[in-house]
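Please work through each task before reading its solution.

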Amino acid sequence: MVALIILVIAWSGVATAPESGNLTIKGHAFKVEYADTPEAQEKGLGGRDNLPSNHAMLFRFTADGEHCFWMKDMRFSLDIIWINPEKKVVHIKPDVSPATFPHNFCPPEPSQYVLEVNAGVSQQIDLRVGDSLSF
């Protein structure tokens, strides 16, 4: 019994990999890492050296609102895409540089999701406000 308790305590301190899934935009597939907790949402992609091609981070908030973003601790540029509860793009901020920190970027209307992809991706796939995403 004591060994079981020790094992449970040991496992509770082990960090688990973030949940991931798939997302499709205009026929382009992305592997996404979800940022669902306040801690994961604050950190985002900060501190990483890059984001592999066809990968993204999806911030899933419990309700729509004015979710503003910054480039704290970022080492590469991103396109930031705000998405409403119907999974339609409401705003795109392309090519956001780490040098913009501490400036915040906010959508002109409420969103429930925010997608971060490598800078230039939204232009490459011709993403526009009103386009739908599948996830």
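A salt bridge is taken here as a side-chain nitrogen of Lys or Arg within 4 Å of a carboxyl oxygen of Asp or Glu. The model is predicted, and it holds 7 salt bridges.

**Exercise 1.** Determine whether the side chains of E33 and R48 meet in a salt bridge, and locate the two residues.

*Solution.* 
Step 1. The N to O distance for E33 and R48 is 2.7 Å. The cut-off is 4 Å, so the pair qualifies as a salt bridge.
Step 2. E33 lies in strand β2 (residues 28-35), while R48 sits in the loop between α2 (38-43) and β3 (55-65). The pair is 15 residues apart and links distant parts of the chain.
Step 3. Buried means under 20% relative accessible area. E33, with 19%, is therefore buried, whereas R48, with 29%, is partly exposed.

**Exercise 2.** Which residue forms a salt bridge with R60, and how accessible is R60?

*Solution.* 
Step 1. The partner of R60 is D36, with the closest N and O atoms 2.5 Å apart.
Step 2. R60 belongs to strand β3 and D36 to the loop between β2 and α2; the two are 24 residues apart, and their pairing links distant parts of the chain.
Step 3. R60 has a relative accessible area of 24% and is partly exposed. D36 is also partly exposed, at 32%.

**Exercise 3.** Identify the network of salt bridges that includes D126.

*Solution.* 
Step 1. The side chains of D126 and R128 form a salt bridge, 2.9 Å from N to O.
Step 2. The network links K26, D126, R128 and D131.

Notes. Residues numbered from 1 in each chain as written. Predicted model: local features only at pLDDT ≥ 70, side-chain atom pairs only at ≥ 80, totals over all residues. Heavy atoms only, no water. Helix = DSSP H or I, 4+ residues; strand = E, 2+ residues; numbered from the N terminus. Buried < 20%, exposed > 50% of the residue type's maximum accessible area, 1.4 Å probe, protein only.
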